[in-house]
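Here is a short tour of a structure for you to follow with the model open beside the text. Please take a look before reading on.

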Amino acid sequence: MIFFTLSEPAAQRGPAWNEQQTERLIVSIAGGDTAALETLYHLTQAPLYAYLLSLLKNSADARDALQDTYLDVFTAAGRYRPEGHSRAWLYAIARNKAMMTHRRRKIRGEVPEEAGPEPWEDPSLCREERLVLSAALQSLSEEERQIVTLHAVSGFRFREVASFLELPLNTVLSKYHRAMKRLRRQLSEEEGV
Amino acid sequence: MKNKEIKRWLNSAAQKSAPDVLGSVLSACEQQKGRNFVMTNAATSESPRKRAGIRGLAIGLAALCLLLVGGIGGFLGYQNVYAVDSIVAFDVNPSIRLEVSRQEKVLSAEPLNADASKILFDMDLTGTDLNVATNAIIGSMLRNGYLSDIANSILITVENGDEAKAAALQQQLVDEIDQILGSNNIEGSILSQTLSVSDELRSKAEACGISTGKASLIEGILAENTQYTFEELAVLSIRELNILANAGEITTVASSGSVSTQGYISETEARDTALADAGLSASAVTVQKLSLDWEDGRVVYDVEFYDQKTTYEYEIDATSGEIVKRETEVSPLASGDVIGLEAAKEAAVKDAGVSSPTFTKAALDRDDGRSLYEIEFVSGGTKYEYDIDALDGSVLSKKTRAVSSSSSGSGTDGLIGEEAARQAALTDAGLSASDVTFGKVELDRDDGRWEYEIEFYTAAGKYEYDIDAATGAILKRESETAQTGAKPSGSTSSAPVSSGTTSSGTASSGTTSSAPASSGTTSSVSVSESRAKELALQDAGVDASAATFTQLELERDDGRWEYEIDFYAGGTEYEYTIDAQSGAILKRESDYDPSDAPSTAGVTVSMDEAKALAQAKAPNATLIEISFDHDDGIPIYEGELREGKTEYEFEIDARNGSFLKWETDYD
């Protein structure tokens, strides 16, 4: 029985990551346990999708990559070494999937914009969610989008973002602050309209 | 829009727009499995996928062997040792059912709800003595925060055909649990009962996904009090039921100890205070919410109820009983005839296509001028959240997520233990155990090490610590207090709890949020920036010369001006929020990691000098923000000044003080 709503820290930095539980799930998945995969999916799907969206900027592509990511998790789980880096492992798989999508598009000369409505046009989103999502996807660079999503949605600490993106911590911090500032400014302009 | 809101909207956008690809993933996995198997049989290549297949097969065979051994052993011994003699159930919020043999060996341990799965996650209790199992279960409930100073209620139910034996076992368990709780400094409130279960009760219990013990307790309460329904009570925790049971005179349940109030007024008192204020009687309203919460720097009861016309929302200070917030809005009953809670639950469950869900929330609410039922339940490891139109029963929105489960397990040898971790946190905060109420004590693995995550509350604030579980070192401290001045002191009584919040609709004296809500001026800033820095450094016990400031920002949040001050010192990252009017420390956070320190190589200009350089260019402007950064490897200070509608942005080379950027902007 938990009485206190764990308000700010959790809400501000995405969901808490339970390393131990995740590693146990990956071990089960390695043994072919699809129920464990299902649990992992429910725990990670939303922030992982957000990360893929930050890389691909396209709902249909992100959806495909999300599906491929979990399929890869299923086949690659046996090769995971439980050393306390399950989140980075999972997100690295997702990043690979997104890169493959980029490469495929390049080879085939496809234009991703043809794939459907923009992510922020999702009818289930409320006004603020649309504004924020569209600002994040349109006014930030790919690197900034990754930093913001990994920290603010996926709950990576700054130093985890830094090591995942292989950037110096200072760079991550300053880029994050700058990106948030830009978002703030743009959103207050739009709110004023 | 503030950073906090941006993050919140981003998170909710992700939640809402993430597509459901689980079905296709799972079916693809099934195909994959088939392929793996074929490849193993063919045994031609040396691909990694093949090896995974062999491993999967090996595990399968091992599991089959175990099953056979277990089956044979179980069958041979069944007649004498393995016959179920008693059924013992523990209900807190986790509900666990044990089958126990005549020799008091546990034959099976079954989690009855999601919380219980968490408790039993990696425990194999089969074959253990009942007292060992009891110890393990209660221990896990303590570790996971289900049992604590506040949440001290537990219901023990024993079913045995032999009444005398059941009674003896009941007493034995009560004594045992009382002792375990006592050794954890918790005065338990133990409800216990013996039971012979009717089929009717069993099916009712099953329908609501609760134990027969809890069902029986509910029946007992209903016998005394007709204002509730069985289903309404089924979603309550044992603590809440315990309070109801205490209010009436339940004869079927034995009770030892009392429900913890830990210096707080009771829920009933909070409810009655709110009702009296609204001029209503309990029978005239439906109580929607009655729970402890943490709001604006104090522990409050959230009390919410509605009659035909109006919904009342109160916050009652849990310590003083004072009303700190009252709000009214149109009642969800005002827009017409509602379909009723049961019909709404049914609609949600039907839509989810699940059977025997455990309801965690079922409430009538009003949102955007619409009456709706918020229905939440758990089934098969998934939590469902529904909004059901209260007038026509249609599904307005739905959301599913996996119920996270965590537990501590192997590999935790050599840890300092929970008690030592608690003590480390308390010592750091300058508090003693009697000053605080623990909200959470959890062992978790993070960054490859074990950490205790500890939360506790005083009348003055909330504290969060991460303690290295091997060394006892403090890895993170965070606190939000309503107190002014430096570090929180041990005395909770001297804290000005009533300041800084609205009080009964009249302006209370000494509020910290007196800045005009609509104005964008900084006229209500009375603490200078250097004073704010001083306060933060003083609080952190860091010498100014040792600190590298990375962020200094004057920001408006919740209607008041705050300084956001970040700095590094000695491998620790500090984040402070300081009230710009009163100088109160609103938030402090520190995170230890030696690799975090920013490089200051080549820096000859201090942040203060950079500020002076910028200020010299616009003497009448107010410095809003300055931060230390690296841009393309060059250490820089960047920041912003404001003068009326004019905004200046600058970047200064931290190596020589030259301006890399000076921009003037008119809003």
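Which residues are buried in α14(B)? In this predicted model, the buried residues of α14(B) are Glu529(B), Ala532(B), Lys533(B), Leu535(B), Ala536(B), Leu537(B) and Ala540(B). The helix covers residues 529–540 of chain B, 12 residues in total. From first C-alpha to last, α14(B) reaches 17 Å, close to the 16 Å expected at 1.5 Å a residue. Just after α14(B) comes Gly541(B), with a positive phi of about 70°.

Let us step back to chain B as a whole. Its secondary structure amounts to 15 helices and 26 strands. Chain B has 667 residues, of which 41% count as buried. Taking contacts in chain B between residues at least 6 apart in sequence, 49% link residues at least 24 apart.

One of the strands deserves a visit: β24 of chain B, residues 634–643, which contains Ile636(B). Why does Ile636(B) count as buried? Because it has 23 C-beta neighbours inside 10 Å, against a threshold of 20. Leaving out residues up to four places away in sequence, Ile636(B) touches Asp629(B), Asp631(B), Glu651(B), Ile652(B), Asp653(B), Ala654(B) and Leu660(B). Ala610(B) is 26 residues from Ile636(B) in sequence, and their C-alpha atoms are 9.4 Å apart.

Now for the nonpolar cores. The largest has 65 residues, and those touching the most other members are Ile29(A), Tyr49(A), Leu52(A), Val73(A), Ala94(A), Val132(A) and Leu10(B). Helix α3 of chain A, residues 34–56, gives this core its largest share, 13 residues. At least three residues come from each of domain 1 (12–116) and domain 2 (118–193) of chain A. Apart from this core lies another, of 64 residues, including Leu112(B), Tyr146(B), Ile156(B) and Val158(B).

Val132(A) also has contacts in both chains: beyond four places in sequence, its partners are Leu187(A), Ile6(B), Trp9(B), Leu10(B) and Ala13(B).

The elements visited so far are set side by side here.

| Element | Residues |
|---|---|
| α3, chain A | 34–56 |
| α14, chain B | 529–540 |
| β24, chain B | 634–643 |

Finally, a word on confidence. Chain A has a mean pLDDT of 82, with 85% of its residues at 70 or more. Over residues 1–14 of chain A, pLDDT stays under 50, and the model has 32 contacts beyond four places in sequence for that stretch. Where pLDDT is low, predicted coordinates should not be read in detail.

Technical notes
Residues numbered from 1 in each chain as written. Chains lettered and ligands numbered in written order. Predicted model: local features only at pLDDT ≥ 70, side-chain atom pairs only at ≥ 80, totals over all residues. pLDDT = per-residue confidence, 0-100. Contact = placed C-beta atoms within 7 Å. Helix = DSSP H or I, 4+ residues; strand = E, 2+ residues; numbered from the N terminus. Expected span 1.5 Å × (residues − 1). Buried ≥ 20, exposed ≤ 12 C-beta atoms within 10 Å, placed from the backbone. Core = buried A, V, L, I, M, F, W, Y, C linked by C-beta atoms within 7 Å. Domains from an automatic or database assignment.
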